[in-house]
Amino acid sequence: MRRTFQAIATATLAGAMLALGSGMAVASPAPAADDIDVHSVPAAEVAEATTAWSPERMEAAVPADDLVLDQVGLLDPAPAPDGEATTYAAEQPVLQATQVSPISHIGKVFFTLGGQDYVCSGNSVTSANGSTVSTAGHCLNEGPGAFASEFIFVPAYQNGSAPYGQWPAVELVAPTQWTSGGDIDYDTGFAVVATQGGSTLSATVGASGVAFNQSTGLSYTLYGYPAASPFTGETLQRCAGASSPDRLGGTTSQGVSCDMTGGSSGGPWFVGSGSNGVQNSVNSFGYNSQPGVMYGPYWGSVIEDAYQAAQG
């Protein structure tokens, strides 16, 4: 059964920086499926994260693509044995990302793992709690291993500006296939962020609809904040194109021609053109031997379970 969750909040574009109120609301965790890992962030860490990320610290954070290299032991796949059928795909022009103006519900995420500060991308998605952010699994958990600390979401980031403030996570959720097995097919996670000044994230910046168990081969528009050369991570970038199966490494992920680099991990894939469609994947990984193709996991029932555990 195909399931689509339509956006339930529209953007209220109040340009003022939001301050975290003293009555910070922490979402109660929803019951999680057996294949979902839910990490509740200690209140002291939530409070610390609200002031921990200075512009200088954000600028020094490194793209989190290195975190996925070990898990994807197929970034340079071994050649097929002699005699096995092999196909060499035709070369296509690489679609270059285009800079776009900030979008209120898309932003950057910052977090710490193993003592290192990292940066990824994320998106506010429709949810019952109004406070759910989608990103890549490797942007909140080592896969397998520890969950990130001091995780924040900065919507509509541009050139160091945070017009809607910094939103600290109170809960991090991902499939156990990622948190326990590092399976790249499930490289998606969701963060539940604290309310600020009595307002939820979606009431402040809006939220995208999400869709699961859809057809493969759809056309998508991809967004993210690539930070590795030739990009700087300071502006939002976009690619668009049709998706195709992973015939290189055998994952269930789909690829779209796009030259976005590290830092764009976790950025949303929208069905169709533009950012008004439903989200159906995230930027996940690329192959060293296939530059210019961005892969995103197929959002099936397991990732839907992770979403349900977070959004409740």
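**Figure 1. C239 and C258 form a disulfide (a pair of cysteine sulfur atoms within 2.5 Å).** C239 is buried (under 20% relative accessible area; exposed is over 50%, partly exposed in between; 1.4 Å probe, protein chains only), with a relative accessible area of 2%. C258 is also buried, with a relative accessible area of 2%. The sulfur atoms of C239 and C258 lie 2.2 Å apart. The torsion about the S-S bond is 70 degrees, and the link is right-handed. C239 sits in strand β13 (residues 236-242), and C258 in the loop between β15 (254-257) and β16 (268-271); strands are DSSP runs (E) of at least two residues, numbered from the N terminus. This is a predicted model, in which local features need pLDDT of at least 70, side-chain atom pairs count only at pLDDT 80 or more, and totals for chains, interfaces and linings use all residues. Residues are numbered from 1 along each chain as its sequence is written, and side-chain values use heavy atoms, with hydrogens and water left out.

**Figure 2. C120 and C139 form a disulfide.** Their sulfur atoms are 2.1 Å apart. The torsion about the S-S bond is about -75 degrees, so this disulfide is left-handed. C120 belongs to strand β6 (residues 116-125), while C139 is in the loop between β7 (132-135) and β8 (149-155), 19 residues apart. Both C120 and C139 are buried.

**Figure 3. pLDDT (the predictor's confidence in each residue, from 0 to 100) stays under 50 over residues 70-81.** This stretch has 22 contacts (heavy atoms within 4.5 Å) beyond four places in sequence. Over residues 86-90 the pLDDT is also below 50. Where pLDDT is low, the predicted coordinates should not be read in detail.

Technical notes. Helix = DSSP H or I, 4+ residues; strand = E, 2+ residues; numbered from the N terminus.
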